[in-house]
Amino acid sequence: MARHIINQTLLFGILGCLPILATCSSPQGNVEDGKRWYMMHNCSACHGQNGHDGRAPGIKELSMGFGSFVRKLRRTDTSIMPAFPESKLSEKDAADIYAFLNRK
């Protein structure tokens, strides 16, 4: 009986961690689509054509994870950068931009 309870506890613990692990990894993005979205949403006007050669802070090869990147897009901490809600920029498109910015 005790072994059954321990196995169930472990199983529920593992299953409970799966959603957290899923949010930690970044979705697969497409670099070429990301470049197109980056230009289309006028990110290059401030951050530069390559994400590091503009007036605004460099964002190429980000040190933040995908979740932090999306949060920053959705709720910016500056009045200069516009917010990009899901209705304006989907998570898939954000993943593409993220892939473009983190290309080698």
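Helices here are DSSP runs of H or I, at least four residues, numbered from the N terminus. This is a predicted model, in which local features need pLDDT of at least 70 and side-chain atom pairs pLDDT 80 or more, while totals for chains, interfaces and linings use all residues. Residues are numbered from 1 along each chain as its sequence is written, and side-chain values use heavy atoms, without hydrogens or water.

Back to the pair. The side chains of R36 and D33 form a salt bridge, with N to O at 3.2 Å; the term means a side-chain nitrogen of Lys or Arg within 4 Å of a carboxyl oxygen of Asp or Glu. R36 is partly exposed, at 41% relative accessible area, and D33 is also partly exposed, at 27%. On that scale, buried is under 20%, exposed is over 50%, and partly exposed lies in between (1.4 Å probe, protein chains only).

Now the rest of α2, which runs over residues 31-40. Which residues of this helix are buried? They are G34, W37 and Y38. Viewed down the helix axis, these buried residues fall within an arc of 105°, so they line one face of α2. The arc is taken from the directions of the C-beta atoms from the helix axis. What do the buried residues of α2 pack against? Their partners are α3, residues 44-47, and α5, residues 91-101, with contact set at heavy atoms within 4.5 Å. The face turned away from the buried side carries the exposed residues E32 and M40. Just after the helix comes N42, which has a positive phi of about 65°.

Next, the cysteines. How many disulfides does a search of the whole structure find? The count is 0, where a disulfide needs two cysteine sulfur atoms within 2.5 Å. Take C43: the closest cysteine sulfur belongs to C46 and is 8.9 Å away, which is too far for a bond. From the side of C46, the closest cysteine sulfur is that of C43, at 8.9 Å, and again this is too far for a bond. As for accessibility, C43 counts as buried, at 15%. C46 is partly exposed, with a relative accessible area of 28%.

Then the remaining salt bridges I want to show. Another joins E86 to R74, with the closest N and O atoms 2.9 Å apart. This pair links distant parts of the chain: R74 is in helix α4, residues 66-74, E86 is in the loop between α4 and α5, and the two are 12 residues apart. Are the two ends buried or partly exposed? E86 counts as partly exposed, at 46% relative accessibility, whereas R74 counts as buried, at 18%.

My last pair is in α5, a helix that the buried residues of α2 pack against. Here D96 forms a salt bridge with K92, and the closest N and O atoms are 2.7 Å apart. Both residues lie in helix α5, 4 residues apart, or about one turn of the helix. D96 is buried, at 2% relative accessibility, while K92 is partly exposed, with a relative accessible area of 44%.
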